[in-house]
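This report describes a single protein chain, from its overall fold to selected side-chain and backbone details. The sequence and structure are shown first.

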Amino acid sequence: MGKKIIKIVFIGLIIGLVSCSKPLVNQHLTDYVNPYIGTTTLWDSTDLGFQPTRRAWGAEVYPGATLPNSMVQVTPVTQWRSGSGYQYEDTVIYAFAHTSKGHWNLCYAPFIGVSGHVNPSNYSSAYTHEKESAAPGYYQVYLDKYDINAEVTSTLRCAFHKYTFKPG
C-alpha cells in the first residue's frame, strides 16, 4: 500500500509541475532552425579530427528556400563547381538557382536581379552576412553592387523572387 501512495504522489507532483510551467506561446519549432549549418567549408584539422591533405568538406548544404518533395530549391549560388553552390565564407553571389537539389551542377535556371550597367563577364554582386538572413522557406540578401534587396521563397512547384530596387 505504501508504494502505491508514493507512486500516486510522484505522478501528482509531476502533473502539478508540468501544469504550472510556462507554456511556449508563439514559439514554433522552425524558430530553432539555423539554415546556415553545413554551409561552410571545413579546413581546420581540429574541426575535422584529422589532418586533411586536400579540401575535406565542401559546404554541401544551402540556406535557400524549399519544401519537402518540391520541384524547386531556390538558393543563392556563391561558387560554381563546389558542393551545393553556396559557401558561407564566400563574398559574392552569382545567381539564385531554382533546381539546386543540393548540388551546383543541377542548377538549371539561374536568375539574379540587376540594375544599371551590367557586364556579362562580371555580373556577380558582393554581399555581407550582416545584410543576409535565412529561415525555413525564406532567404534574403542585399546585393551591394546593384543596390537591390533580394528575397526568395518557394512552393511545391515554383519559386518566388522579390527584388526591391532603390527609388529612381
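**Basis of the description**

The model is predicted, and local features need pLDDT of at least 70, side-chain atom pairs count only at pLDDT 80 or more, and totals for chains, interfaces and linings use all residues. Residues are numbered from 1 along each chain as its sequence is written, and side-chain values use heavy atoms, with hydrogens and water left out.

**Overall architecture**

The protein contains two helices and eleven strands; helices (H or I, at least four residues) and strands (E, at least two) are DSSP runs, numbered from the N terminus. Read from the N terminus, the elements follow the order α-β-α-β-β-β-β-β-β-β-β-β-β.

Of the 168 residues of the protein, 32% are buried. Here buried means under 20% relative accessible area, exposed means over 50%, and partly exposed lies in between (1.4 Å probe, protein chains only). The accessible surface amounts to about 11000 Å², and carbon and sulfur atoms contribute 63% of it; these areas come from the Shrake-Rupley method with a 1.4 Å probe, and for residues only the protein chains shown count as cover. Among contacts with a separation of 6 or more, 47% are made by residues 24 or more positions apart, a contact being heavy atoms within 4.5 Å.

**A three-stranded sheet**

An open sheet is formed by three strands in the order β3-β4-β6, with antiparallel pairing. The strands β3 and β6 (95–97) are at the edges with a single partner strand each, so one side of each has no neighbour in the sheet. Two strands are taken to pair if DSSP finds at least two bridges between them. The antiparallel strands β3 and β4 are joined by two bridges, and Thr66 is opposite Gln73 in β4. In general, strands of a sheet pair through backbone hydrogen bonds, either parallel or antiparallel.

**Aromatic pairs**

Rings of Phe, Tyr and Trp (its six-membered ring) pair if their centres lie within 6.5 Å; planes under 30 degrees apart count as stacked, over 60 as edge-to-face and the rest as tilted. The count by this rule is three aromatic pairs. One of them is the edge-to-face pair of Tyr36 and Tyr88, with 5.6 Å centre to centre and 70° between the planes. This pair links distant parts of the chain, 52 residues apart: Tyr36 is in the loop between α1 (2–20) and β1 (41–42), and Tyr88 is in the loop between β4 and β5 (92–93). Tyr36 is buried at a relative accessible area of 18%, whereas Tyr88 is partly exposed at 32%.

Tyr94 and Tyr123 also form an edge-to-face pair, with 6.4 Å centre to centre and 75° between the planes. The pair links distant parts of the chain, 29 residues apart, with Tyr94 in the loop between β5 and β6 and Tyr123 in the loop between β6 and β7 (125–126).

**Salt bridges**

The structure holds two salt bridges, each defined as a side-chain nitrogen of Lys or Arg within 4 Å of a carboxyl oxygen of Asp or Glu. In one, the closest N and O atoms of Asp144 and Lys131 are 4.0 Å apart. Asp144 lies in the loop between β9 and β10 and Lys131 in the loop between β7 and β8 (132–135), so this pair ties together parts that are 13 residues apart in sequence.

A salt bridge also joins the side chains of Glu151 and Lys162 (4.0 Å, N to O). It links distant parts of the chain, eleven residues apart, from Glu151 in strand β10 to Lys162 in strand β11 (residues 159–165). Glu151 is buried, with a relative accessible area of 17%.

| Residue | Relative accessibility | Class |
|---|---|---|
| Tyr94 | 26% | partly exposed |
| Tyr123 | 30% | partly exposed |
| Asp144 | 26% | partly exposed |
| Lys131 | 41% | partly exposed |

**Positive phi values**

Most residues other than glycine have a negative phi. Asn69, a residue other than glycine, has a positive phi near 60°. Asn69 occupies the loop between β3 (65–66) and β4 (73–77) and is exposed at 79% relative accessibility. Asp147 likewise has a positive phi, near 55°. Asp147 is found in the loop between β9 (138–143) and β10 (148–154), and at 37% relative accessibility Asp147 is partly exposed.
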